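Trainee: I'd like to go through this one with you, bit by bit. Can we put it up and start with the loops?

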Amino acid sequence: MSDHIPQLNSHGEPDLEAAFATLAAEVRTEAAALTTPDAQEAFRLHWLGRKQGRLKLISDAWLKSAPAEARKPLGIRFNQLKQQIEQALEAPLATASTAAVQGIDVTLPGAIRTPGIPHPLLKTMQEIVQVFHHLGYSTNLGPQVETDFYNFEALNFPPNHPARDTQDTLQIAHQSSKPSRDRLLMRTHTSPVQIRTMVAQAPPIRIVIPGKVHRNDAADATHSPIFHQVEGLCVDTNITFSDLKGTLDHAMKALFGSDVKTRFFPSFFPFTEPSADVQISCIFCGGKGCRKCKHSGWIELLGCGMVDPAVFAAVTEERRKTNPADDTYNPERITGFAFGMGVERIAMIQHGISDIGHFYSGDMRFLEQFA
Ligand code: DAH
């Protein structure tokens, strides 16, 4: 640290500027080398000490001889310098490597960069998709802003039908002048991509559809207005309910371990007939019954069923707009199964997470556990 009091050649602007620039540079260099609280205290005394502090000594030397009109520009610059010193004192202590910038130490390790990791939801979604890729499925995507036709009507939810109440829908504003089938909404499930796929291509179809879906649901520990699903569709000749059972039983074993058992429970979805809910034996208690499975030994995971002939009829009607003789999806020849699962629910069970909100909070303490 220099104790020398620099000479101020004149009170002209260029001389003032140069003199204070030199002092500011001194402060910067010294501040960058403050690696211990002791060094910081010495720095404080050196610059701000009440009697022998450098700022006090320089101010005495420069201000006393200054003509009246030079006091203001001098005063402003002293204040700026003082602020710079105070900021240096408030800043966290320099690490050895930043202190070494003045004389670069090439033996120090480089700065560690932490690479990003896939978000746990994305990881689970990719895992599910992978299981089906291995079975020969490919991936299809569709829009999140969807028409009423694809989201509901073609899936056999007629306008005003109570089945629509099961999916509380976020409608896009100012659509009432359009015919009901063209009105836009946020898709409530990934199932509309089944229709988009079948309208565009002929069987055999084996696809999975991962993506975001939206519902007008209040957020709580198990609900979020935006969440994720993976949909599946298999359409071909001679597809039966036992193909559906075998496929999903395999998928659940691949995701949760080969010990899990599956059970198919009668259910209802407008676009499948028959429909089923798939349950897996509780992975927490092995099926004995615990709090997690509400003492039933089973956990409900996804919906599925055989594609309803009404869905094939809607697809055919659409395809006939470009080819009036189209008979590709004749339900006498073609059958299929479909399924849909919630990614959050599966990730929560995989990792034992009790609040869906953790996925969206951005809390690094939560996310880093999946690194
Ligand atoms: N789309 C349904 C929902 O969001 C889930 C579903 C059930 C999809 C059965 C399917 C299915 O493809 O066959 O509630």
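Trainee: Which loop holds Asn160?

Mentor: Before that, this is a predicted model, where local features need pLDDT of at least 70, side-chain atom pairs count only at pLDDT 80 or more, and totals for chains, interfaces and linings use all residues. Residues are numbered from 1 along each chain as its sequence is written, and side-chain values use heavy atoms, with hydrogens and water left out. Helices (DSSP H or I, at least four residues) and strands (E, at least two) are runs numbered from the N terminus. Asn160 sits in the loop between α7 (148–151) and β3 (184–186).

Trainee: What is the phi of Asn160?

Mentor: Most residues other than glycine have a negative phi. Asn160 is not a glycine, yet its phi is positive, at about 65 degrees.

Trainee: Which residue does a cis peptide bond join to Pro274?

Mentor: Most peptide bonds are trans. Pro274 belongs to strand β7 (residues 272–281). Its cis bond, with omega about -5 degrees, joins it to Glu273.

Trainee: And where does Pro204 lie?

Mentor: The peptide bond from Pro203 to Pro204 is cis too, with omega near 5 degrees. As for its place, Pro204 is in the loop between α8 (192–200) and β4 (205–214).

Trainee: On to the ligand: which residues come nearest?

Mentor: Here a residue counts as near if one of its heavy atoms lies within 4 Å of the molecule. There are 16 residues around the ligand, and the nearest are His189, Ser191, Arg215, Gln229 and Glu231.

Trainee: Which elements give two or more residues to the shell around the ligand?

Mentor: Use the strand numbering we started with. The elements are β5 (226–237), β8 (298–307) and β9 (334–342).

Trainee: Last one: what separates the centres of domain 1 and domain 2?

Mentor: The bounds come from an automatic or database domain assignment. Domain 1 covers 13–102 and domain 2 covers 120–370. Taken over C-alpha atoms, the separation of their centres is 66 Å.
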